[in-house]
Amino acid sequence: MQTHEFYMNRCIELSKNGLGTTYPNPLVGSVIVHNNKIIGEGWHKKAGEAHAEVNAINSVKDKSLLSKATIYVSLEPCSHFGKTPPCCDLIIAHKIPNVVIGTIDPFAKVAGNGIKRLIENNINVTIGVLEEECNELNKRFLLFIKNNVLTLF
């Protein structure tokens, strides 16, 4: 198994901890890696609370490592203010140089804007790692967005 796929699988595993508590938000997991070692993990635990990236960053004991790390996230980091601030801003503020994303968030307020903001801030972004698996994880969320059933967070 390739390195990116290994860590994205862990994101998917973590995201499942939020089953039944994140609706209407998607299930999201995040892992932070430095020198091939996981230094932080998180998942979106409950709608209206901190997202996976926030929980992963908060779990890192030595924050100085973030500027040399890679953050993996199963869904594109959000780029808008909802009940929580944008996750892409937190990634930028911590100067995390590499972001690996499972799939793009189709929600209109995100939909590539998180990726765009990361790239504009000179962050290396890799998209589509285990994309099918990440989409399968959130098939209901994706269907709601596609059919305009879910419009509010």
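Colleague: Is C11 buried or exposed?

Modeller: C11 is buried, with a relative accessible area of 0%, where buried means under 20%, exposed over 50% and partly exposed in between, using a 1.4 Å probe and protein chains only. This is a predicted model, in which local features need pLDDT of at least 70 and side-chain atom pairs count only at pLDDT 80 or more, while totals for chains, interfaces and linings use all residues. Residues are numbered from 1 along each chain as its sequence is written, and side-chain values use heavy atoms, with hydrogens and water left out.

Colleague: Which residues is C11 in contact with, leaving aside its neighbours within four places in sequence?

Modeller: Those are G29, S30, V31, Y72, V73 and S74, with contact meaning heavy atoms within 4.5 Å.

Colleague: Changing topic, how many aromatic pairs are there?

Modeller: The count comes to 2 aromatic pairs, the rule being that rings of Phe, Tyr and Trp (its six-membered ring) pair if their centres lie within 6.5 Å, with planes under 30 degrees apart counted as stacked, over 60 as edge-to-face and the rest as tilted. F6 and Y7 form an edge-to-face pair, 5.1 Å centre to centre with 80 degrees between the planes, and Y7 and Y72 form a tilted one at 5.2 Å and 45 degrees.

Colleague: And what do the ring pairs link into a cluster?

Modeller: They link F6, Y7 and Y72; Y7 is buried at 5% relative accessible area, and Y72 is buried too, whereas F6 counts as partly exposed at 48%.
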